Amino acid sequence: MKRTLMAAALAALATGALADGHGGVKVGMITTLSGGGAGLGIDVRDGFLLAVAQSGRDDIEVVVEDDQRKPDVAVQLADKMIRAEKVDVMTGIIFSNLAMAVVPSATAQGKIYLSPNAGPSALAGRGCHENYFNVAWQNDNLHEAAGAYANTAGYANSFILAPNYPAGQDALTGYKRMFEGDLAGEVFTDLGQTDYAAEIAQIRASGADSVFFFLPGGMGISFLKQYADSGVDIPVVGPAFSFDQGILQAVGEAAVGVVNTSQWSKDLDNPTNAAFVESFQAEYGRLPSLYASQGFDTANLLISALETAGPDDLEAFRAALKAADFDSTRGDFAFGSNQHPIQDIYAREVIVEDGVFTNKVIGLALEDHGDVYAAECRL
């Protein structure tokens, strides 16, 4: 019965249904629910709606739309949400090219944007805005942590690759910022690419002692499977995006033993995270992912701010968001001067646990880490 009631509550939120007498906040969630990357958006949505349902509030309306991972669709949906739906707060975008197409216009029109994932550098530095809060990370962060880990692992000659779009460019920039060794090669792949035979051949011939890659969603699944089948035995390091819960089940044994970096893991030892993992698994029948935790934290940030002020008092509402007075699944959480996180980032290893591929924390990669672009932000 409890599960049935929760499912009904989530369904009502997703369709925008509210209790009578609503005078709260209307949230427009544009995220990727179909095609490549759909699993990421589904997890952000599910984590966000779970937190709202658990809050017991009836003054939060959530309107959910699928951007199909297409910038033009995202722009059209944002225009609809702002002009027709009259949303107060926007959230949900997974991919940085879509964020760049939507966020600057939305914030300029007075809408609060809470990012549960994409964190392009252009929005962290000179392009920062008082209405924009990133609840996940700045794009470079997990890649910087991978570079720091590579140093401690003794790697001195890395081959690096990522897709050629804002997050991919930030990824390689972040890794190079922290990695102290040389580069055996640096390659930008196509966004959405699925055949990596040419890149793997380059890696094989490069003389590299390590490979760093950022290939989110289906791109990472394809690369890891092809890499394992190729027989190349150069160790791989990556960010959590290519080793997250849903992706690991598709990759399988090829990922076991690989070290990746993340600000969250299901085994982080704090009460909020333990309760989140248990409740998410009970509600959805699967372990939560990094993306689910980010959606959950984003909703709880919003809920915490609503305890103090609503979007009708924009200045007070922004101040309440900036205070970040909520219990995060990742433990300590605070915003830097550019309204991007300051947080610990961990090294995790892929393992098999009770027949399920997952991650365990093996160490701290970066402590209380912010981003280099904050110095350029005028907030």
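Colleague: Which residue in β2 is the bridge partner of Val-25?

Modeller: In this model, which is predicted, the bridge partner of Val-25 is Ile-60 in β2.

Colleague: And over how many bridges do β1 and β2 pair?

Modeller: Strand β1, which takes in residues 25–31, pairs with β2 over seven bridges, and the sense of the pairing is parallel.

Colleague: What is the order of the strands in the sheet?

Modeller: The sheet is an open one of five strands, arranged in the order β2-β1-β3-β4-β5, and the pairing is parallel. Neighbouring strands are turned against each other by 20° on average, if direction is ignored.

Colleague: Which strands stand at the edges?

Modeller: Those are β2, residues 60–66, and β5, residues 132–134; each has a single partner strand, so one side of each has no neighbour in the sheet.

Colleague: Which helix lies across β3, β4 and β5?

Modeller: That is helix α12, made up of residues 314–323, which lies across β3 (89–91), β4 (112–115) and β5 and runs at about 15° to β4.

Colleague: Back to β1 for a moment: is Gly-28 buried or exposed?

Modeller: Gly-28, which lies in strand β1, has a relative accessibility of 0% and therefore counts as buried.

Colleague: What is Gly-28 in contact with, leaving aside its neighbours within four places in sequence?

Modeller: With those neighbours set aside, Gly-28 is in contact with Val-63, Met-81, Val-87, Val-89, Met-90 and Thr-91. As for Tyr-113, it is 85 residues away from Gly-28 along the chain, while the C-alpha atoms of the two are separated by 9.4 Å.

Colleague: Changing topic, at what angle do α2 and α10 pack?

Modeller: Helix α2, residues 38–55, and helix α10, residues 271–284, pack at an angle of about 105°, and their axes are 11 Å apart. That angle makes α2 roughly perpendicular to α10.

Colleague: Which residues meet there?

Modeller: From α2 there are Asp-43, Asp-46, Gly-47, Leu-50 and Gln-54, and these meet Ser-279, Phe-280, Glu-283 and Tyr-284 of α10. Sorted by class, the contact between the two helices has three nonpolar, three polar and three charged residues.

Colleague: Last one: which residues does the UniProt domain annotation cover?

Modeller: The UniProt entry, which is unreviewed, carries the annotation "domain: Leucine-binding protein" for residues 25–350. In the model, that span is 43% helix and 19% strand, and its end C-alpha atoms lie 40 Å apart.

Conventions:
Residues numbered from 1 in each chain as written. Predicted model: local features only at pLDDT ≥ 70, side-chain atom pairs only at ≥ 80, totals over all residues. Heavy atoms only, no water. Axes fitted to C-alpha atoms, helices over the stretch in contact; angles between N-to-C directions. Helix = DSSP H or I, 4+ residues; strand = E, 2+ residues; numbered from the N terminus. Parallel < 35°, antiparallel > 145°, perpendicular 65-115°, else oblique. Contact = heavy atoms within 4.5 Å. Nonpolar A, V, L, I, M, F, W, Y, C, P; charged D, E, K, R; others polar. Pairing = 2+ DSSP bridges. UniProt positions renumbered as here; feature names shortened; annotations may be inferred. Buried < 20%, exposed > 50% of the residue type's maximum accessible area, 1.4 Å probe, protein only.
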